[in-house]
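Please keep the sequence and the model in view while reading.

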Amino acid sequence: MFERFTKAARAVVKGAVEHAERGGAAVVTEEHLLLALLDREDTRAANALRALCPPDRRPSLLAALAEARRRAGLSRADTEALADLGIDVGAVVARVEEAHGAGALAGDRKDAGRWSGRRSFSREAKAVLEKSLRVALARKDREIGDEHLLLALTATGGVVAEALADHGVTYTAVEDAVSSPAV
């Protein structure tokens, strides 16, 4: 599949691995893919992101991702479903952080030492990569570009899609932005 990736899409995947390495993560996640997309300039996805979520709104997006990471990656839908079962995720997070320190559920591996070898991709990140192929095929595109990765991130659900949607970056909005002649 990677042979179908454009140079920009390959750079996003490589950037995601670098974000994972810098963060000490054991695996590359869909959040790392988004962070790598946010690093890009002058690509279809970068232009769409700049139009839909201008740089001045990005700290809010990053804060939403950090808050979700603090909740062990649970989306609002997950949190609401657990609340329906009588489980207060906020209280659980507070108790765990009280016992183990702030960000204990975030999964950061700051104390794990140096990682050697290649990082694998989480199941969710692999789903985004696979979805990007399906998105490209549905759009009748020959190659998978970074815009297909962004579209796949918005379409796969979960915390990253939720944070993007909260900031106006939905599948439809991205599709419109990458299809317009200005991008």
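Which side chain meets that of arginine 44 in a salt bridge? The partner is glutamate 147, with an N to O distance of 3.5 Å; a salt bridge here is a side-chain nitrogen of Lys or Arg within 4 Å of a carboxyl oxygen of Asp or Glu.

## Basis of the report

The structure is a predicted model, in which local features need pLDDT of at least 70 and side-chain atom pairs count only at pLDDT 80 or more, while totals for chains, interfaces and linings use all residues. Residues are numbered from 1 along each chain as its sequence is written, and side-chain values use heavy atoms, with hydrogens and water left out.

## Overall architecture

The protein contains 10 helices and 2 strands, arranged along the sequence as α-β-α-α-α-α-α-β-α-α-α-α. These elements are DSSP runs numbered from the N terminus: helices are H or I with at least four residues, and strands are E with at least two.

Of the 183 residues, 39% are buried; buried means under 20% relative accessible area, exposed means over 50%, and partly exposed lies in between (1.4 Å probe, protein chains only). The accessible surface comes to about 10100 Å², and 51% of it belongs to carbon and sulfur atoms; areas come from the Shrake-Rupley method with a 1.4 Å probe, and for residues only the protein chains shown count as cover. Among contacts (heavy atoms within 4.5 Å) between residues at least 6 apart in sequence, 65% join residues at least 24 apart.

## Helix α4

Arg58, Leu61, Leu65 and Ala68 are the buried residues of α4. They lie on the same side of the helix because they cover an arc of only 85° around the axis, the arc being that of the directions from the helix axis to the C-beta atoms. An α-helix has 3.6 residues a turn, so residues three or four places apart point the same way. The cover over the buried residues of α4 includes α2 (30-39), α3 (44-52) and α9 (158-166). Alanine 72, which follows α4, has a positive phi near 65°.

## Salt bridges

The whole structure holds 4 salt bridges. The pair of arginine 44 in α3 and glutamate 147 in α8 (residues 146-155) links distant parts of the chain, 103 residues apart. Arginine 44 is partly exposed at 34% relative accessibility, whereas glutamate 147 is buried at 9%.

Glutamate 175 pairs with arginine 139, their closest N and O atoms being 3.8 Å apart. Glutamate 175 belongs to helix α10 (residues 171-179) and arginine 139 to the loop between α7 (123-138) and α8, so this bridge ties together parts 36 residues apart in sequence. Arg139, Asp141 and Glu175 are linked in a network of salt bridges. Glutamate 175 is partly exposed, at 26% relative accessible area, and arginine 139 is partly exposed at 22%.

Arginine 123 and glutamate 124 form another bridge, with 3.6 Å between the closest N and O atoms. Arginine 123 is exposed, at 67%, while glutamate 124 is partly exposed, at 36%.
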